[in-house]
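Colleague: Before I rely on any of the labels in your description, could we go through them one at a time, so that each value is set against its criterion?

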Amino acid sequence: MADLDYSAATYEPGYSADLVRGLGTERILEFGAASGRLTHVERLPARPGRQAPWPRWVPAELVTAFAGAGVERPWEHQAAAADLAHQGSSVIMATGTASGKSVGYLMPALTAISTGATALYLSPTRALAADQLALVRGLGTGFSQAVRAAVIDSDTPFPDRAKARKNVTYLLTTPDMLHFGLLPQHQRWSGFFRRLQYVIVDECHGYRGVFGSHVAQVLRRLRRVTAFHRGGRADLRFILASATISEPGRCAELLTGVLAEEITADAAPRGPMTFGLWEPPLTAARGERGAPVRRSAIAETASLLAELVRDGTPALAFIRSRRGVEAAAAAAKAQLAQAGAAGLADKVAAYRSGYLPEERRELERALRCGAVTALAATPALELGINVSGLDAVLIAGWPGTRAGLWQQAGRAGRAGRDCLAILIARDDPLDTYLVHHPQALLHRPVEATVLDPANPYVLGPHLLAAAAELPLSDKDLALFGPAAGGMIAGLVSDGTLRDRAGRWHLAGLRRAPLTGLRGTGGRPVRIVEESTGRLVGTVDEPSAHLLAHAGAVYHHQGEIYLVSSLDLADSVALVRAGDPGYVTSARELTDLEIIAEHREVELAGATAHFGDVVVRRRVVAFLRRSQETGQPLGEFPLDLPGKTLHTRAVWWTLEPRTRASLAAAGVDLAGAAHAAEHAAIGLLPLVAACDRWDVGGVSAEQHPQTGRLTIFIYDGHDGGAGFAERGFLAAGQWLRSTMHAIADCECSTGCPSCIQSPKCGNGNEPLSKSGSVALLAHLLPRAQEEQGLPRSEKGATPAGGESGGRRTARLRGDRAVP
């Protein structure tokens with residue numbers, strides 16, 4: 001990079017040399033522009049902070065404690081949120097990274113504790129709960145001693161739990177521990193629940209999909225238990241803290257079941273940021289079917305990180321996997337040595353989840369004093385370490401949501417200085433689209449949180465858990481939603497619940513079998529280290545077929561294991577620690593049956609549908625791929641039983657005249673549908689706050705139920721997760737973006753950046769890049785419907801045409817998995 005002649009650099013429209021002056025990072029941006037890697041640069045202006053006076057109701061001792069921690073006065077959004085909560089409202093703060101949301105919820109919570117109340121803090125990880133505990137204890141001896149704070153999680157010794165039950169006033173835990181430990185034993189925590197006034201839900205934008213739906217039901221059970229211990233008073237207040245998201249009030253209501261006031265005006269100061277989009281070049285390497293392969297995002301990140309170290313620019317690189325983090329750090333060190341700057345190699349460090357608190361604090365110290373200036377980290381850093389004063393952030397691959405992108409980019413410029421953030425595209429359809437369409441990132445609101453608390457596979461287990469905690473009654477139906485009545489009737493019918501004088505009790509069981517929050521139920525498969533018998537973790541049984549089959553490379557909290565065997569009868573997978581140097585992905589065959597159609601809308605040359613489907617899948621093989629290049633290293637057969645998934649899907653059926661027109665033009669219809677399905681799966685996260693592996697797809701040149709060319713995209717969880725429905729409602733934006741992602745890719749016949757999928761059960765055969773663009777043009781809404789598909793509500797009707805038959809078909813199917 002250092003030897004490049006920048007004098008010939010040309011700046012296409014959208015680039016301006018003025019944007020990069022004075023940052024100390026112009027060498028990188030100039031090289032990116034000259035080489036064609038840098039596809040867009042945008043300047044985000046600085047924003048001054050706006051402070052507010054301390055609310056009069058905040059105790060003077062607490063004001064003094066905050067001042068001792070460096071908070072002289074609150075920002076306006078902190079004071080506004082605290083006032084609303086103190087006045088009796090639930091509230092959600094949806095503001096940017098480093099906006100100080102903790103002060104906003106600690107003001108009312110700690111004030112209430114000083115008058116005899118208790119507060120509950122929920123975080124998605126134990127590391128974040130531990131950091132929040134340190135924050136409270138760091139408010140100075142005067143006030144923090146009056147707040148008896150404790151973290152309770154699965155590792156907390158029983159004597160410490162007993163002590164907390166008697167004394168704690170500020171309890172910090174996770175939704176999982178609330179579900180498995182506190183609510184089933186609520187009678188033992190009666191003193192805490194009786195005085196509970198505030199529930200703080202931190203990082204609530206992460207509660208989405210099936211996990212978010214489970215957490216929503218846990219919070220409803222919490223409201224019910226708290227009201228019981230408070231003599232029927234249903235005045236529990238929620239304070240939710242979120243990254244910037246769309247419709248934060250709706251998110252809060254879906255999660256908690258109560259209305260919440262929105263605080264979205266971020267009053268914290270922010271330094272100016274230069275934001276760049278970066279696409280690694282195609283290489284001479286060839287992947288599946290001879291497709292070109294791009295230089296990996298990890299390799300690009302390592303090169304940029306080394307350049308930033310040479311420039312003396314404090315920098316942070318976000319990389320998804322621990323192996324990627326370590327590879328990037330090692331490559332950056334090696335490049336520095338090759339450039340004659342070996343003395344700078346010690347300034348590069350790696351961070352991953354699983355570090356002890358003292359290790360995290362030591363790394364923070366090294367960053368603050370300049371001993372380390374470049375850090376490669378997994379996203380776990382977002383929830384476990386305090387880093388400030390960075391001048392640059394590199395993001396290796398799309399984080400999954402715009403909210404996640406800006407949360408990571410927000411790590412730069414925390415000291416108010418000019419800063420740089422670069423998103424480096426992976427070899428992936430969505431990444432490819434985003435780096436060529438900056439308006440999709442920079443000029444659109446962030447996503448709304450998608451979850452569905454009424455999912456029957458989520459609601460049912462939580463109704464059983466609620467009945468075990470306290471018998472259910474008619475007044476509970478409104479709390480759990482309109483689907484609760486029918487679900488309770490079904491549970492009574494199958495003998496799981498018993499009706500006693502209008503109250504429903506758990507039948508024949510002392511305690512309800514509690515489902516995990518990270519899936520849709522079923523007996524979990526234990527991941528056990530073969531040499532020691534140590535329990536590494538668990539995975540739900542359907543996911544075990546994809547992630548924990550024999551021969552799979554299994555990742556858990558940044559550690560890498562190779563699966564020796566999977567015993568589904570005993571629900572155990574044996575693993576051994578080690579990195580084999582490759583990654584694996586499962587391939588499965590899929591049958592899909594349409595059960596009921598709920599909505600449809602006529603398009604220019606097709607019809608869009610949304611409804612219920614049954615998906616039957618069987619993993620038949622797995623593929624080994626190079627971690628660095630993605631090149632296939634071999635396919636290996638598997639013999640696993642099939643699985644059935646009752647879920648929801650969006651699908652498109654092509655009009656006969658459109659089919660005839662495409663066929664007459666020489667379009668390979670099967671390849672076009674298959675390619676469009678692959679790319680649509682990859683682009684769905686653009687409109688629905690999901691991960692690519694949350695959904696799957698199938699396509700058929702002629703589906704036996706519809707009689708037409710049909711493309712399905714379905715939720716990968718029993719009962720659905722809301723993602724397919726969101727895709728149906730935002731189909732215009734979704735499919736237009738999919739079409740552009742394919743057309744804009746510089747390959748000739750298709751590659752992993754556009755239409756190839758590493759999880760394809762059919763070996764990426766057949767695929768037609770040009771045909772998929774032509775096909776997608778006919779699946780777009782009419783111009784007047786671009787702002788969203790009209791809802792043509794229909795009663796649930798059997799599918800299959802006039803006969804209502806339920807024929808199944810062997811289809812081309814793909815389910816994306818991590």
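The conversation below takes up the labels in turn.

Colleague: What kind of model is this, and which limits apply to its features?

Modeller: This is a predicted model, in which local features need pLDDT of at least 70 and side-chain atom pairs count only at pLDDT 80 or more, while totals for chains, interfaces and linings use all residues. Residues are numbered from 1 along each chain as its sequence is written, and side-chain values use heavy atoms, with hydrogens and water left out.

Colleague: How many helices and strands are there in the protein?

Modeller: There are 26 helices and 31 strands, where a helix is a DSSP run of H or I with at least four residues, a strand is a DSSP run of E with at least two, and both are numbered from the N terminus.

Colleague: Why is the crossover from strand 4 to strand 5 called right-handed?

Modeller: The term applies if, with the strands pointing away from the viewer, the path from the first strand over the helix to the second runs clockwise. Here the chain passes from strand 4 through helix 7 (residues 158–167) to strand 5, and this β-α-β crossover is right-handed.

Colleague: How do you know that both faces of strand 5 are covered?

Modeller: In a regular strand the side chains alternate between the two faces of the sheet. In strand 5 (residues 170–173), Y170 and L172 on one side and L171 and T173 on the other are all buried, buried being under 20% relative accessible area, exposed over 50% and partly exposed in between, with a 1.4 Å probe and protein chains only.

Colleague: Why is A501, by contrast, called exposed?

Modeller: A501 has a relative accessible area of 84%, which is why it is classed as exposed. This residue is found in the loop between strand 17 (497–500) and strand 18 (503–506).

Colleague: What is the order of the sheet that contains strand 1, and how is strand 1 placed in it?

Modeller: That open sheet of seven strands has the order 1-9-16-15-12-14-13, with mixed pairing, and its edge strands are strand 1 (38–44) and strand 13 (348–351), each pairing on one side only. Strand 1 and strand 9 are antiparallel, with six bridges, and L38 stands opposite W278. Strand 9 (residues 273–278) runs parallel to strand 16 (residues 419–424), again over six bridges, with F275 opposite A421. Five of the seven residues of strand 1 are buried, so strand 1 is largely enclosed by the rest of the structure.

Colleague: What makes a group of residues a nonpolar core, and which residues touch the most other members of the largest one?

Modeller: A nonpolar core is a set of buried Ala, Val, Leu, Ile, Met, Phe, Trp, Tyr and Cys residues joined through side-chain atoms within 4.5 Å. The largest has 86 residues, of which F275, L441, W652, L684, I713, W734 and L775 touch the most other members. Its largest share, nine residues, comes from helix 23 (residues 669–683). Beyond its neighbours within four places in sequence, L775 is in contact (heavy atoms within 4.5 Å) with L654, L662, A672, A673, A676, L709 and I711. Another core lies apart from the largest one and has 42 residues, among them L183, F192, L254 and A260.

Note on methods
Two strands pair if DSSP finds at least two bridges between them.
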